[in-house]
Amino acid sequence: MNQAGRLACAAGPFAPLPMELGRLFMPEALTPLFFTPVYAGLTAEQRLYYNQLQACCFNEQIVFFESLIGDGVMQALLKENWPPTFARQLRQFWQEEQAHSAMFRRLNRSSRPQWYERADYHFVRFAPPLWAFIRWAARHPRLFPMLLWLMLLQEERSLHYSSEFLRHRQQLEPHFVEVYRLHMIDEAGHVRSDLALLDQLWPSLSMRSRQRNARWLAWVIREFVSGPKRGQWRVIEALLQAFPALQAQRCWIREQVVALEQNETFQLSLYSRRIVPRSFERFDQWPELQVLEGAIRGYRWQGKAQAC
Ligand SMILES: [Fe+2]
Ligand SMILES: [Fe+2]
């Protein structure tokens with residue numbers, strides 16, 4: 001069993017050690033509200049509550065990517081004919097993602113049992129038809145190879161997030177630090193597998209399919225992963241509910257959160273050449289991915305323009 005699998009199993013260290021609920025669950029600078037003037041006006045208690053909720057939401061996003069997308073994509077790819085060594089690598093990738101999903105679910109259950117005892121998602125929600133479409137698309141990675149680019153981007157970014165958890169370990173809840181440390185160990189290998197998959201899959205597609213997928217990828221990044229939208233707003237709603245005194249500032253808080261879409265410092269904290277160097281390098285190799293400049297503030301295409 002891998003590292004994450006050991007932690008995810010029933011006898012893992014969660015059972016004997018209670019969560020330290022008085023501590024931050026994630027580094028403050030990884031939370032969207034930190035980048036707004038709202039944050040400076042919150043009390044220590046409000047900041048702690050927001051931080052813990054945002055961390056649960058972040059864990060949900062990981063479970064979503066790794067179980068709904070990663071698992072579906074891997075199951076589909078494993079049905080294909082790959083050289084034995086690479087097939088083994090993919091199988092290990094798949095098993096590790098399953099263990100990670102279990103590990104993050106367990107972390108959320110230990111943090112907020114009232115929300116996660118019976119459900120995996122409290123903040124991340126989609127309409128059932130969209131949910132079903134995502135599940136179907138994930139099982140067709142040759143039709144939607146943009147999902148592999150998305151996996152690469154998110155997995156490489158998760159390495160940066162994990163290293164930030166480790167850098168701030170003294171202030172953070174120890175179970176969160178340990179889970180993110182274990183996740184980082186496996187994710188480094190996943191980034192290598194994503195790159196290998198893309199090297200084989202992307203060049204085999206027609207230019208039309210690549211351009212179409214590049215446009216879809218830009219849309220998905222803009223809509224779902226590059227700014228505080230739906231899930232994050234639900235986190236803030238939960239904060240307002242827990243601290244009714246903040247309700248008077250509701251509109252102002254909403255304005256500040258919406259403004260993050262245009263906030264350069266916040267946007268560069270999500271994706272940059274420092275945070276996701278290998279993803280950006282790969283984007284540069286494909287002219288059709290220049291379209292991502294419109295979706296990722298920190299990305300400027302640096303490839304060579306093709307001769308006419
Ligand atoms: Fe993972
Ligand atoms: Fe992964």
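Is Arg142 buried, exposed or partly exposed? With a relative accessible area of 39%, Arg142 is partly exposed, where buried stands for under 20% relative accessible area, exposed for over 50% and partly exposed for what lies in between (1.4 Å probe, protein chains only). The structure is a predicted model, in which local features need pLDDT of at least 70 and side-chain atom pairs count only at pLDDT 80 or more, while totals for chains, interfaces and linings use all residues. Residues are numbered from 1 along each chain as its sequence is written, chains are lettered from A and ligands numbered from 1 in the order in which they are written, and side-chain values use heavy atoms, with hydrogens and water left out.

Side chains of opposite charge can pair when their charged atoms come close. Arg142 forms one of these salt bridges with Glu80, the closest N and O atoms being 2.7 Å apart. This pair links distant parts of the chain, with Arg142 in the loop between H6 and H7 and Glu80 in the loop between helix H3 (44–78) and H4, 62 residues apart. Helices are DSSP runs (H or I, at least four residues), as strands are (E, at least two), numbered from the N terminus. Glu80 counts as partly exposed, at 26% relative accessibility.

A second salt bridge brings together the side chains of Arg109 and Asp120 (3.4 Å, N to O). Arg109 lies in helix H4 and Asp120 in the loop between helix H5 (113–116) and H6, so the pair ties together parts that are eleven residues apart in sequence. Arg109 is partly exposed at 30% relative accessibility, and Asp120 is partly exposed at 25%. Glu164 counts as buried at 13% relative accessibility, whereas Arg167 counts as exposed at 59%. Salt bridges that share partners also join Arg105, Arg109 and Asp120 into one network.

The metal sites come next. Donors are N, O and S atoms within 2.8 Å of the metal (3.2 Å for Na, K and Ca), and sites may look incomplete because water is not among the atoms.

The iron ion (ligand 1) and the iron ion (ligand 2) are 3.1 Å apart, and Glu97 coordinates both. Glu97 in helix H4 (residues 84–111) and His183 in helix H8 form a pair that links distant parts of the chain, 86 residues apart. Glu97 is buried at 3% relative accessibility, and His183 is buried with a relative accessible area of 1%.

The iron ion (ligand 2) is coordinated by Glu97 (OE), Glu155 (OE), Glu187 (OE), Glu187 (OE) and His190 (ND1), at 1.9 to 2.3 Å. The spacing of these donors along the chain is E-x57-E-x31-E-x2-H. Glu155 in helix H7 (residues 146–167) and Glu187 in helix H8 (residues 174–201) are 32 residues apart, and both are buried.

With a disulfide taken as a pair of cysteine sulfur atoms within 2.5 Å, the count comes to zero. The sulfur of Cys56 is 8.8 Å from the closest cysteine sulfur, in Cys57, too far for a bond. Cys56 is buried, with a relative accessible area of 0%, whereas Cys251 is exposed, with a relative accessible area of 60%.

How values were computed. A salt bridge is a side-chain nitrogen of Lys or Arg within 4 Å of a carboxyl oxygen of Asp or Glu.
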